[in-house]
Amino acid sequence: MQAYVGALDQGTTSSRFMIFDHAGRVVGVDQREHRQICPRPGWVEHDPLEIWQRSQEVIRGALAQAGCGPRDLAAIGVADQRETVVVWDRATGEPLHNAIVWQDTRTDELCRELAGDAGRDRFRSLTGLPLATYFSGPKIRWVLDHVAGARERAEAGQILAGTIDTWCVWNLTGGPEGGVHITDATNASRTLLMDLQTLNWDPGMLRTLGIPEVMLPEVRASSEVYGTCRSPLAGVPVAAALGDQQAALFGQGCFAPGEAKNTYGTGNFLLLNTGTTPVRSHSGLLTTVGYRIGDQAPVYGLEGSIAATGAVVQWLRDNLGLIRNAAEVEALAASVDDNGGVYLVPAFSGLFAPYWRSDARGVVVGLTRHTTKAHLARAALEATAWQTREVVDAMNADAGLTLTALRVDGGMVRNELLMQFQADVLDIPVTRPVVAETTALGAAYAAGLAVGFWAGTEELRANWEADRTWEPHMDPQARARGYAAWKKAVRRTFDWVE
């Protein structure tokens, strides 16, 4: 029996390959960033060929670090940045356009047209989603409308489309030479094209958006064998695909209804397991597929998606030059006792949950002559925690429960100042696991289940181990004052874009 399982975690800013043993411990990892292409305000793109190149590089790097080869891997899984779309030539593998990233807002006018008098919730009962620039379907439509000849070629079956999981699996399994064109139910549930009940592409949504079904991938389970890798993982089964946040839910062992995790990455994503029945949101959350194992019933979730959290730290580094690297932000923020009355609302591409305001743009309020870059750094970190508080309030209202603890993961959970503030503003314990990069772990778990490397979810749950827990210590009145000021700052972002 092979000793390890691997996972390709293709995220918004980087690609990472991780290798895990049977206990869920990391034995090899490599990670490389790719370019963020912003040709116009509100537009965000990636080069799909660069993403595939980086993916191959990190696979080779992680294998070298672990001192193993493809023969040592029982299977690999793929986690991806979800709503980002690629459209490419079936015969050559050449993209017709750069990948359009989930943060991109170019489809705003199309979404308003589709909403019409019915409003942004026109398709929510079918898809679980509001009409928003966030989702994949309108992005595919944009390519068909704006790339010369794309629609004709799509209708002729000459081009393929998919989210990044689809692009990676197609290339891993051979690309133009027999690559498998699939997606899983978690990614498909983020397109505005899938029926949440049947887990199939909905013919009515395809007609409404003008997308030929022939260009779309087959929707499969999150944990099953799709095909076999070519180089650089020749012979290894590709046995899982999940959207990154659903992969993190899986990696955190949240297999029972009522269990939740929050991932702190480019954005923040709070996901609650609601069991085998989809829960409709009335508070600005998304109803989504949490995961599907083989031919078992799908497990659903409620999700609160926040567009910009870790991206704010990148902005402080790359755009403002306040820090040289992301790790410096904690020390800078900790050099002052509080935010000095400054609130930063990072609505760089509008606001996601619970507002869904594409007209919003970022603001910094409360500036005085007393304000320093340390106050800005602290306000940036606190914005992550306050945005999470808003999503937790919405989730409690929709699910009819009160979260009593929160499991956290992702790159920002290494920031202990942020984690303490998060516990303070939520007034519940916040726990970081030993393996904080649970997105890759979840993809590996799902792949391992598909090939019998692990026997079942209880075995995976037994692997979970807490690293540290933060208990709340904030005075209730201070919490209430801070939250009220945050809400006031959020309102200042509205109606900025005409």
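No disulfide (a pair of cysteine sulfur atoms within 2.5 Å) is found in a search of the whole structure. Cys38 takes part in none, its nearest cysteine sulfur being that of Cys111, 19 Å away. The structure is a predicted model, in which local features need pLDDT of at least 70 and side-chain atom pairs count only at pLDDT 80 or more, while totals for chains, interfaces and linings use all residues. Residues are numbered from 1 along each chain as its sequence is written, and side-chain values use heavy atoms, with hydrogens and water left out.

Relative accessible area was classed as buried (under 20%), exposed (over 50%) or partly exposed (in between), with a 1.4 Å probe and protein chains only. Cys38 is exposed, at 52%. Cys229 is buried, with a relative accessibility of 3%; the closest cysteine sulfur to its own belongs to Cys168 and lies 11 Å away, too far for a bond.

Helices (H or I, at least four residues) and strands (E, at least two) are DSSP runs numbered from the N terminus. Ile100 belongs to strand β7, residues 99-100, and is buried at 0% relative accessibility. Beyond neighbours within four places in sequence, Ile100 has contacts (heavy atoms within 4.5 Å) with Val44, Glu83, Thr84, Val85, Arg106, Lys139, Trp142 and Val143. Its C-alpha atom is 9.6 Å from that of Pro48, 52 residues apart along the chain.

In strand β15 (residues 286-291), six of six residues are buried. Five bridges join β15 to strand β16 (residues 299-306) in an antiparallel pairing, where pairing requires at least two DSSP bridges between two strands. Thr288 has Gly301 of β16 as its bridge partner.
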